[in-house]
Amino acid sequence: MNANFSFAIQNALVRTGEPVRFEIRAAEPAGWSLRIVADALEESPRTERAITLEWQRTAQGMVARVDYTPSRAGHYNAILTGPNGDLAGRYFAAVDGGQAVCHFFINGTNSVDAAGVLTGIFQETYAALVRPACIPFEYHLSRDFSKTTPVELKRHAEIQNRYGHNIVPMMVTRNLGFYERFSMWELSREELTKAIGMLRKLWTESGLGHLEVVNGHWCIGNENVRALREANIRVISAIVVNYEMRDGESREMLTGSPVRPWYAHPEDFRKPGSRTDDYILCLPFSVTLRTEFLRGNVDAHWAPDIQMVWDRSIESAPRAQRSLEILDMLCDQPQGAFPYIFPVALQNFGPPAVIENNRNTIRHLLRKAREGKVVFANAKAIRDFYLRHAPSKPESVEFMRDFMIGSHLINKPIHHPDVIQIESARFNAAFERPNLKPEYLFDYVRKWDYPDEIFRNFDLHGPEKENLNGVKVGVEWQPMADGSSAVVRIESDHRVTDLPVAMWNLPCQPKKVVVARGDCRFVPVTEPQVHTPHGLLVGAVEKGATTWEVRFSGSPSQAPKLLSDYHGLVGFQTILVASGIPYTYVWNNLRINLQLRLRVPRGRRIWMETYEKGDFGHTEEGVLNVELRWPRPWARIWNASAEEILVDNGAELDLIGAEHFERVTRNCPLPSQEGGVKRLREDLWQRRQGTPNPEAVSRLPAFLRDHQNAYIDQRHTQMVAQAREWFDQATAHEKGKEVVAEAYAYAKGHLGGPWRDKADAQNIITCREGIHVEVPVYDYAICHAPGYRAWHMGRAFHLRFKGLAQFKGRKVMVYLHCYDYEGLGRAYSVRLNESYIAGNLWSEVLRTTGPLPVGPEGRDDPRSLIRIPIPLRFLQGDLFDMHVLEGYDAKAIDFRKQVPYSVAVSDVWVTISKPI
């Protein structure tokens, strides 16, 4: 490919009737041609148009500038051909109000081969599905840029120039040469400014061009954003806005921040500003409707392969239905005055089954694109679109259901209610069905003043949601001749600048909406796939009484029944899909295995699938049998709705629930809850028949969860003491050792795991003076049952040890307590990192030869203690890192039997011997 040319595009995302500009630079004009291909994602018909190039001579060579104005919405390619057959393509898209916009990017460390194709595990996906259409993905490149030469990035520059893909550096400390820092928090403004200068120079000299976009990752704060702004970085892409967590020394609380692109406010980058505030545009990594403020984190974290890790999506590889389900919801969100913009992130680590899931995701995106539902844009195109059309954060409204039904990670309910979220430059709010008041409301109008010192404080973490405890809302519906009217009465003990009120399941399809009384506005919300009308009323509320009256005119509407349950023990929710064949999730609310016998319509082909078995249980006889097994207590029933499925062994389930209640309260006695246990026991059993009372049975799941959580909270200190006692007994034969550090995972908290920001606080780490052990929480800590808990880390479990160099004359040993609670066939390898040596070298010091002890009883098996002697060379510097990785056969992995890169470590001890 001739590198002596450049092909630039401005305004790669436009509204119909708005021009796109191309700029071509070359040494000589002869032999160059440009053509525009409409319907670029269709195999046929493909409409092509040749574009005349008018060249001008400049000091830098010849340049041709061309404007092209799309007359209709859709996908376009601009294809440039050179005198030597050089070929370059630029995708651009036009929207007319009916399309969502997908911000599509890849994270990873892949290189580029001589043919300009990404190598590594993404090669086939990229070559087969992305490159031909010139879909404008961003490649978020991860490597140590402080040791990278411009020559090493030449191939990346060529692929960027050929296909228009934007190469973006991942802004994490190790990529900037700061090996001993976990987080961007730890970098001073001067250090970060210098690092940005290094990146900018590298980008320019390699041919990647002017650096305007960086990957923000999750470890940034206000000082970091100010440094980026001062360095004229204009977009921070892939900011992880949904997580409240603590990684190493950092504290990242993006509380209140939007989940759609916004301008960072000078007061606080998590607050929307305007394009006049020396703008920097923030693009989120994920699509979470941030209900982690509610009763658990329904994490719509959009990375299809990560969703296949352990319990995050609990999905089987052959058909990752949940990934497609969330993608359908995103593409089908109703479009308002501004396009609905969402990210799709494809990670490039994992086994072949993960890569196939990525391919399926791209294929599904292309199908939605051909249906006119979605177009594509990279960060620069989104930035340009915002600058032209959005003086401030555009208002967006969305509807999201729990596509993670059956997951219980980080204390998430097995089933979470549907959520409506609205965000704008003025506020951010979310609602759980059927609540009228928002679960959280963030006011962006008032001043935010939260310096980084507050962000780092684990208790004072920054912006807080508005207090709505003193606000009461009621709605009265009255029929009208051509629709319905709603009278909303609000009592408040304080003024609320903007209060949104949810109107679930409107009784009519509103063709006309009139505010008859009060100062409010109506925001329509349509439930994707189901098309049930909902809405929001938004207005200022003064202290005292406020009344709004709104009249809806239109044809009657009735929501389909998609949700049902049996006595709170088993639930059902139907998902409608474009294929016309619905499926229904069935889940188990008790933390035990339940055998179900279900009645379904006869004479219709109905089948089930679970994580372990995939498709099974095909029937036309009207009966299905399934066992809902923990930790993945769900099944998917195809071709039947929730109202068509009946539990046939309900009395048996009631009895199992009652017996489970007796067992839990007996094994986990709490004097403080004796009264509640006694009352529920009396309510549970019907005295005459001696059978459980269904009304009391429905209270069992919540009571048992809360009871065990309280037991863990009260007994955590004793549980830690028991773990230390077990360690002393298991190593009693190892004479002359002394424990100098110990760390216990999540010994206090909740079943299923805490919210991510609580994980570090619940660990117990004690060290001798001069020693420091860090457990950066990259993922989650899990508590399966009282005393059975572990850090569950995606990809690798990371430990950092400081101060052990003082013992380099002794034998230093690290012990990891690891057992396979869920029977996933885990086996680990351990690597040590010589952080203080230039090059950041890794060395594998141990690889287990077989699986870990299985099940709860594996906790007390001596084989669950992995011994790692620390080589002397790792005691030469101030610190060293340890990574524990799951060992698996990448080529033969079966997601139904084994889950890759999900490490579980329960406890860590460090011992020293007597002086050698």
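Author: A charge sits over a ring if NZ of Lys or CZ of Arg is within 6 Å of the ring centre and within 35 degrees of the ring normal. The model discussed here is predicted.

Reader: Over the face of which residue does Arg636 lie?

Author: The distance must be within 6 Å of the ring centre to count. Arg636 is at 5.6 Å from the ring centre, and the ring whose face Arg636 lies over is that of Tyr583.

Reader: How far is the charged end of Lys613 from the centre of the ring of Phe616?

Author: Lys613 has its charged end over the Phe616 ring. The limit for such a contact is within 6 Å of the ring centre. For Lys613 and Phe616 the distance is 4.7 Å.

Reader: How many aromatic pairs are there?

Author: Rings pair if their centres lie within 6.5 Å. Counted by this rule, the aromatic pairs number 31.

Reader: Is the pair of Tyr68 and Phe92 stacked or edge-to-face?

Author: Planes under 30 degrees apart count as stacked and planes over 60 as edge-to-face. The rings of Tyr68 and Phe92 are 5.9 Å apart centre to centre, with 70° between the planes, and the pair is edge-to-face.

Reader: Why does this pair tie together parts that are apart in sequence, and by how many residues?

Author: Tyr68 belongs to strand S7 (residues 61-68). Phe92 belongs to strand S9 (residues 87-95), so the pair joins parts of the chain whose separation in sequence is 24 residues.

Reader: What is the relative accessible area of Phe92?

Author: Buried means under 20% relative accessible area. Tyr68 is buried at 11%. Phe92 is buried too, and its relative accessible area is 0%.

Reader: How many residues apart are Tyr744 and Trp909?

Author: Tyr744 and Trp909 make an edge-to-face pair, 5.9 Å centre to centre and 80° between the planes. Tyr744 is in strand S43 (residues 738-744) and Trp909 in strand S55 (residues 907-912), distant parts of the chain, and the separation is 165 residues.

Reader: Which residues closest to the centre line the second largest pocket?

Author: The second largest pocket has a volume of about 930 Å³. Of its 40 lining residues, those closest to the centre are Phe7, Ala8, Arg90, Gln160 and Lys380.

Reader: How many residues of the lining of the second largest pocket are charged?

Author: Asp, Glu, Lys and Arg count as charged. The lining has 16 nonpolar and 16 polar residues, and the number that are charged is 8.

Reader: In the open sheet of order S13-S14-S18-S17, which strands stand at the edges?

Author: This open sheet has 4 strands with mixed pairing. Two of the strands have a single partner each, so one side of each lacks a neighbour in the sheet: strand S13 (213-215) and strand S17 (262-263).

Reader: Which residue in S18 is the bridge partner of Ile239?

Author: Strand S14 (residues 235-239) and strand S18 (residues 281-284) are paired in the parallel sense over 3 bridges. In S18, Ile239 has as its bridge partner Pro284.

Reader: Is the peptide bond from Arg433 to Pro434 cis or trans?

Author: Most peptide bonds are trans. Pro434 is in the loop between strand S23 (427-432) and strand S24 (440-443). Omega of the bond from Arg433 to Pro434 is near 5°, and the bond is cis.

Reader: What is phi of Tyr746?

Author: Most residues other than glycine have a negative phi. Tyr746 is in the loop between S43 and helix H13 (759-762), and is buried at 0% relative accessible area. Its phi is positive, near 45°.

How values were computed:
Residues numbered from 1 in each chain as written. Predicted model: local features only at pLDDT ≥ 70, side-chain atom pairs only at ≥ 80, totals over all residues. Heavy atoms only, no water. Phe/Tyr/Trp six-rings, centres within 6.5 Å; stacked < 30°, edge-to-face > 60°. Buried < 20%, exposed > 50% of the residue type's maximum accessible area, 1.4 Å probe, protein only. 1 Å grid on protein atoms, 1.4 Å probe; cavity = no way out; pocket = protein on both sides within 12 Å on 5 of 7 lines; lining within 4 Å. Points joined across faces, edges and corners; volume = space filled by probe spheres on them. Pairing = 2+ DSSP bridges.
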